Amino acid sequence: MNTDTIANIPLIFTAVLAVVIIALLVVTKIRRTAKVSFISFFALTVLIVACVKAFFNSGTLTFNLLILLATVLIIPYCVMLAFGKPKEEENKNGEDAEAAPEQTQQQIVVEEIKPEEISLLDKGRAFISIAANSFLESKDNGESDKNSEQELLDNINRACMEVTGADGGAVLLVDEFDDVISVKSFIGDFPPPYKLPDDLPHKQIRVSTSFKYAQFPLRDNIFGEVASSGTAELITVPKIDDRIFENGPEEFLKLGSFIFIPLKLRDKDIVIGLIALSRNPGKDPFTESEFRYAQTLGDFAESALKTTLNFKQYKEQQELTRESSIATSLQVSLLPKKLPPIPGVSFGCFTEQTAGVCSDAYDVILARQDRTSFVLMDVAGKGMTSLLVITMIRAMLRLIVNTTQSAGTILSWANRGICAENNLDHFASVSLLNYDATKRKVQLATSGTIPVLRYNAAKGTVESVSVSCEPIGVEKSKTYKDIEFIAGKGDILITYTDGLAEALNPNGKQYNISNMYNILKENCKLSGKEIANLIKSDMKKFVGAESLHDDQTLLVIKIQ
């Protein structure tokens with residue numbers, strides 16, 4: 001290999017590298033990852049030609065001239081790159097559409113949006129604003145809440161009519177307790193798509209008024225069917241839809257086209273209402289675009305209504321909590337305060353309450369020297385009505401135990417008094433124990449499910465001394481039986497509500513009453529208060545961290 005051949009090897013590599021660079025520039029241009037000028041292709045081509053000529057012609061003049069030409073060509077391109085306009089400005093001025101395809105595409109999308117589509121956002125924002133104002137304008141009497149809700153429904157109705165060009169609109173809400181859907185907002189001309197009552201005159205004002213206050217079941221009519229299915233409907237030809245009924249030949253009853261949009265709480269998949277829109281016959285039916293506009297506004301309406309409903313539930317809960325707090329304070333005031341020594345007995349009790357107003361109550365009445373009355377009540381339900389029943393029974397018993405009437409007669413009279421109150425549907429289980437310390441005589445009567453147990457000190461056994469019967473407040477003519485016996489010294493009487501016997505531990509196992517029997521037998525020498533505390537501790541240990549499902553109350557009366 002001579003010296004010239006060796007000297008030509010760099011020329012070969014230079015030409016190959018130039019070809020590779022051209023290939024890379026082609027890929028760059030195709031993928032549009034950078035700006036590539038034709039000058040670069042031309043300069044590289046000149047360089048390749050120079051290398052080829054120099055390889056076959058050992059003279060250097062031609063090669064040098066071609067290299068100079070390539071350099072001269074590439075310098076202007078480099079100057080343009082160094083001092084040209086920045087890419088950001090080109091994109092901003094729209095001078096280089098190829099370098100900013102995404103921006104150009106966004107500009108085209110904005111230009112294609114129609115004015116009515118842009119206004120949807122403003123209308124939806126108005127829904128949210130009205131819903132938010134209900135927080136600020138709320139008053140304790142609830143009148144402001146009602147007005148704000150009606151304003152929101154009317155605003156939703158008007159907005160949907162405006163964007164769709166509807167002649168009439170209605171917003172209906174579902175009543176989850178009665179399984180009906182009721183008209184809450186009605187505007188414009190809305191020919192009823194349901195069968196009118198036979199006795200309703202076909203007069204426009206009468207039909208409109210009837211529809212304004214109408215309720216519909218969630219079946220057998222278009223409103224109920226759409227609410228039940230949760231699917232929006234565009235109906236352009238009502239005559240071929242068997243869910244729609246046309247009522248007569250009168251012009252105002254003729255049907256055009258309809259849009260029905262269900263309002264759904266999407267996080268719970270529950271339909272809470274319906275937007276209904278109507279267009280009169282003789283006009284073009286609703287279009288698919290108008291149907292989509294109504295659905296979009298329906299989405300905004302759902303969010304606004306959810307806000308309003310959540311706030312309404314919050315206020316109701318706050319009101320219930322306030323009412324419960326007042327009622328609980330009143331109930332605590334009814335419980336006996338610190339008692340003086342009770343002749344012939346030691347007394348113990350405990351009460352464990354669930355949330356809200358307790359349905360259990362007890363009383364100790366020092367009626368006469370020969371009568372001390374112990375009362376335990378368990379009223380069905382909770383709340384103010386339960387407290388009212390407890391208060392009525394307590395007042396009647398406190399009045400009657402001062403007479404010579406027996407325990408059974410006293411409960412019978414109280415039962416007639418509660419049954420006479422027609423507006424009360426609560427009933428109560430009651431145990432009444434009258435004790436005569438002068439004779440150690442026990443007289444008792446029970447109603448409902450409250451039992452009375454006796455620990456017989458002489459026998460060392462626990463036995464039930466009560467009988468099951470109807471609660472107070474069920475049957476006015478019901479009478480209650482007296483049970484009497486002479487108690488021995490050391491005997492223990494226990495009465496308790498069913499919340500204690502039905503208490504559950506974390507494993508779902510029910511409390512065993514035999515545990516209470518064992519506590520009585522093993523601790524019969526203790527006072528009534530000490531025995532009550534032992535039973536309370538045993539109950540708490542059994543229940544553990546499990547929450548109570550019902551109130552628990554226990555009375556312990558030990559004969560001394």
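**Reading contacts in a predicted model**

Mentor: Start with two charged residues. Arg-454 is buried, and Asp-491 is buried as well. Keep in mind that this is a predicted model.

Trainee: Which salt bridge do the side chains of Arg-454 and Asp-491 form, and at what N to O distance?

Mentor: To call a salt bridge, look for a side-chain nitrogen of Lys or Arg within 4 Å of a carboxyl oxygen of Asp or Glu. Here the side chains of Arg-454 and Asp-491 meet at 2.8 Å, N to O. Next, check where the partners sit. Arg-454 is in strand β12, Asp-491 is in the loop between β14 and β15, and the two are 37 residues apart. So this pair links distant parts of the chain.

Trainee: How many salt bridges does the structure hold?

Mentor: It holds 14. One of them joins Lys-441 and Glu-484, with the closest N and O atoms 3.6 Å apart. Lys-441 lies in strand β11 and Glu-484 in strand β14, so the pair ties together parts 43 residues apart in sequence.

Trainee: Why is Lys-441 called partly exposed?

Mentor: Use the cut-offs. Under 20% relative accessible area is buried, over 50% is exposed, and partly exposed lies in between. Lys-441 has 30%, so partly exposed is the label. Glu-484, at 44%, also counts as partly exposed. Now try Asp-198, which has a salt bridge of 2.8 Å (N to O) with Lys-195. Asp-198 reaches 74%, so the label is exposed.

Trainee: What is Phe-216 in contact with, leaving aside neighbours within four places in sequence?

Mentor: Leu-172, Tyr-194, Phe-211 and Phe-223 are among its contacts. Phe-216 also belongs to an aromatic cluster, together with residues including Phe-186, Phe-190 and Phe-258.

Trainee: How many aromatic pairs are there?

Mentor: The count is 14. Take Tyr-194 and Phe-211: their ring centres are 5.9 Å apart and their planes meet at 25°, so they are stacked. Tyr-194 lies in the loop between β2 and α8, and Phe-211 lies in helix α8, so the pair ties together parts 17 residues apart in sequence. Both Tyr-194 and Phe-211 are buried.

Conventions:
Residues are numbered from 1 along each chain as its sequence is written. This is a predicted model: local features need pLDDT of at least 70, side-chain atom pairs count only at pLDDT 80 or more; totals for chains, interfaces and linings use all residues. Side-chain values use heavy atoms; hydrogens and water are left out. Contact means heavy atoms within 4.5 Å. Rings of Phe, Tyr and Trp (its six-membered ring) pair if their centres lie within 6.5 Å; planes under 30 degrees apart count as stacked, over 60 as edge-to-face and the rest as tilted. Helices (H or I, at least four residues) and strands (E, at least two) are DSSP runs, numbered from the N terminus. Buried means under 20% relative accessible area, exposed over 50%, partly exposed in between (1.4 Å probe, protein chains only).
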